[in-house]
Amino acid sequence: MLMQQLLNGIVVGSVYGVFALGFTLIFGVNHIMNMAHGAVFMWGAFAGLYAVTMLDVGFPGALLFGAVGGGLLSVLLDWVAFRPLRKRGASDFSAIVSSIGANLILLSLAQQLTQTRVMRFPFDTFPIKVYTIFGLRIQLLQLVIVGLVILMVLGLVWYLYRTSYGRQIRAVAFSEQTSRLLGINPVAINFQVFFISGALAGIAGVLIGLVFNSVHFMMGEPLLLRGFVVIILGGLGSIPGALIAGLLIGIVQTMTVAYISAGMADAIVFSLLFLVLLFRPKGLLGGASAAVRVNRQ
Amino acid sequence: MTFFNVYTPLFELALFNALLAFSQYIVLRAGVFSLGTAAFTAMGAYCAGVMATQYGLPSWMGICAGTLLGAVAGVILSVPLARLRGVFQALATLALVQIVLSITLNWVSVTNGALGVNSIPRTVHLSHMLIAVAVVTYLLWAIGRSSIGRAFDIIREDETVAVSLGISVPKHHRIAFTLSGMIAGLAGALHAHASYSITPNEYGFHMLVMVLAMVVLGGRVSVAGPIVGAIILTSLPELLRAFDSYRTVVQGAVLMLSIVFLPRGVVDTALSWLRARRLKAGTATKEARA
């Protein structure tokens with residue numbers, strides 16, 4: 001029973017990790033807290049679902065549509081909500097407010113589109129196969145999810161640390177002005193950052209929609225709130241931190257639901273965020289530079 | 001007079017929203033990015049509601065206790081929160097809103113869970129709300145003109161300058177948090193006694209967004225800003241009855257457009273425009289005399 005819950009926690013937590021990776025990427029590069037990231041996640045799930053039901057593209061197609069849909073929406077969001085503010089050199093505050101507005105718009109458009117219904121992926125989207133290993137019941141879907149998450153993380157790390165584009169992204173994250181002097185075009189970098197993070201959110205949306213077998217317009221909000229906890233806990237801009245914290249939050253949450261009560265899960269997760277901000281604001285794996293940004297001296 | 005009677009609930013709502021907006025305004029003015037207003041409001045509302053229904057205490061005691069609870073919560077939370085910066089203050093207070101929401105949902109023996117506290121005596125009317133708003137407006141106006149208000153303005157514009165002038169940033173952030181908690185507690189307690197029943201989900205993310213929108217739209221420096229923001233955003237849904245189902249789209253668009261095109265809010269932009277015009281007129285007459 002305990003091991004079974006641990007397994008479920010790891011599967012859900014790894015998806016949280018992927019969602020938070022995009023979040024932490026935008027924060028690391030643009031220093032923006034993107035409150036509309038949950039809406040991108042939700043629309044990614046919608047794109048995957050509609051692709052399956054209307055175009056009959058199957059599981060890989062759903063992932064592809066989810067990724068592209070989420071990526072494009074995220075780029076659009078950057079264009080409409082953040083670019084005008086960046087041009088003006090506005091504060092963090094403006095970016096948060098503007099993305100809260102964008103989040104509201106995206107949410108209620110989704111509500112209108114679906115008429116507040118809860119939708120499901122068709123029964124045969126993913127074959128239901130259950131393996132029993134040492135008394136643990138493992139679904140094929142769970143294995144595929146963990147495999148996909150590992151692949152995506154390796155891909156992201158390769159892109160950021162082994163390609164020229166990745167080096168440019170890290171340069172802009174370090175200092176946009178300096179990178180401009182070096183001939184890097186920040187517009188192209190922002191395009192990539194927002195596309196990648198939106199695509200990760202879209203894939204996470206399709207996966208969560210499959211795991212819980214429900215897709216609805218409010219599905220992004222709990223994930224967004226968990227996303228905050230994950231990136232604070234893991235340390236800002238830290239990729240391994242986001243993954244470890246994602247897993248941890250997934251496990252804590254499934255354990256609380258299984259052994260304490262479903263209602264207390266939120267209280268525990270958010271108390272954790274509060275405590276981390278108070279006692280270790282740079283997060284589990286954040287560097288010294290993160291601490292400077294969090295605390296006043 | 002009939003117009004007045006028909007729209008009394010709307011006026012009451014506008015005044016309640018104005019109080020909430022004040023609670024958000026005072027922290028933003030001091031450069032604190034707190035989103036905790038919804039949490040403090042929930043504390044005040046539940047304090048007043050529970051005291052009235054479970055212990056049968058008179059309303060004024062509940063309202064005083066709610067205000068006090070908000071203020072005390074503000075003081076206690078300000079100690080850790082004043083250490084944090086911008087976005088992190090926002091996240092910590094967002095976590096606070098979620099924690100309070102979880103408690104009100106799950107502490108069933110006191111808060112009655114998701115059903116909320118019901119049949120609270122309705123003792124607060126439009127006149128009481130008007131008095132409360134007038135008192136808070138005066139209080140904030142007086143504070144705004146004192147040395148504390150000037151310190152708030154400097155901290156908001158540039159923290160480094162504030163520190164170099166010998167202004168203690170944590171101390172002023174604590175003052176702002178306390179005032180914010182107090183005003184929100186008062187607003188919650190008054191609202192509980194004006195609306196018969198309260199439920200946990202009223203005080204969630206939606207309230208947080210609405211309150212933020214009012215202050216961003218109205219303005220963060222002048223005391224009139226939050227009032228104007230509250231009036232606009234309370235009457236907007238009534239004016240937009242035709243687009244009922246797209247109400248939230250409009251609210252989101254207002255939030256985005258005002259932060260992009262009117263970053264200082266309606267009132268502050270108008271005031272600085274008037275001031276600029278007056279200065280111009282002043283120099284013109286001087287030149288004419290010379």
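Figure 1. For chain B, an unreviewed UniProt entry lists residues 6-28, 35-53, 59-79, 86-105, 125-143, 208-236 and 248-267 under "transmembrane region". The model shown here is predicted. Take residues 6-28 of chain B: they are 96% helix and 0% strand. The end C-alpha atoms of that span are 34 Å apart. Residues 208-236 of chain B are 83% helix and 0% strand. Here the end C-alpha atoms lie 18 Å apart.

**Figure 2. The fold of chain B.** Chain B has 14 helices and zero strands. From the N terminus on, its elements read α-α-α-α-α-α-α-α-α-α-α-α-α-α. Along the principal axes, the C-alpha atoms of chain B fill a box of roughly 75 × 50 × 35 Å. The radius of gyration of chain B is 20 Å. That agrees with a compact globule, because 290 residues packed that way would give a value near 19 Å. Of the 290 residues in chain B, 52% are buried. Now consider the contacts in chain B with a separation of 6 or more: 79% of them join residues 24 or more positions apart.

**Figure 3. A close-up of B:Tyr55.** B:Tyr55 sits in a loop of chain B. Helix H3 (37-54) lies on one side of that loop in the chain, and helix H4 (59-81) on the other. Is B:Tyr55 buried or exposed? B:Tyr55 has 9 C-beta neighbours inside 10 Å, so this residue counts as exposed. The cut-off for exposed is 12 or fewer. B:Glu157 is 102 residues away from B:Tyr55 in sequence. In space, the two are 47 Å apart, C-alpha to C-alpha.

Figure 4. In chain A, "transmembrane region" in an unreviewed UniProt entry covers residues 7-29, 35-55, 62-81, 93-110, 140-161, 189-212, 224-251 and 257-279. Residues 7-29 of chain A are 100% helix and 0% strand. Their end C-alpha atoms are 33 Å apart. Residues 140-161 of chain A are also 100% helix and 0% strand. The end C-alpha atoms of this span lie 32 Å apart.

**Figure 5. Where chain A meets chain B.** In this view, 39 residues of chain A are in contact with 36 residues of chain B. On the side of chain A that touches chain B, at least two residues each come from helix H3 (58-88), helix H4 (92-114), helix H9 (220-234), helix H11 (264-279) and helix H12 (288-294) of chain A. H4(A) gives the largest share, 15 residues. By class, this side of chain A has 26 nonpolar, eight polar and five charged residues.

Technical notes: Residues are numbered from 1 along each chain as its sequence is written. Chains are lettered from A and ligands numbered from 1 in the order in which they are written. This is a predicted model: local features need pLDDT of at least 70, side-chain atom pairs count only at pLDDT 80 or more; totals for chains, interfaces and linings use all residues. UniProt positions are given in the numbering used here, feature names are shortened, and annotations may be inferred rather than shown by experiment. Helices (H or I, at least four residues) and strands (E, at least two) are DSSP runs, numbered from the N terminus. A residue is buried if 20 or more other C-beta atoms lie within 10 Å of its own, exposed if 12 or fewer, and partly exposed in between; C-beta atoms are placed from the backbone. Two residues are in contact if their C-beta atoms, placed from the backbone, lie within 7 Å. Ala, Val, Leu, Ile, Met, Phe, Trp, Tyr, Cys and Pro count as nonpolar, Asp, Glu, Lys and Arg as charged, and the others, Gly among them, as polar. The radius of gyration is taken over C-alpha atoms; the globule rule is 2.2 Å times the number of residues to the power 0.38.
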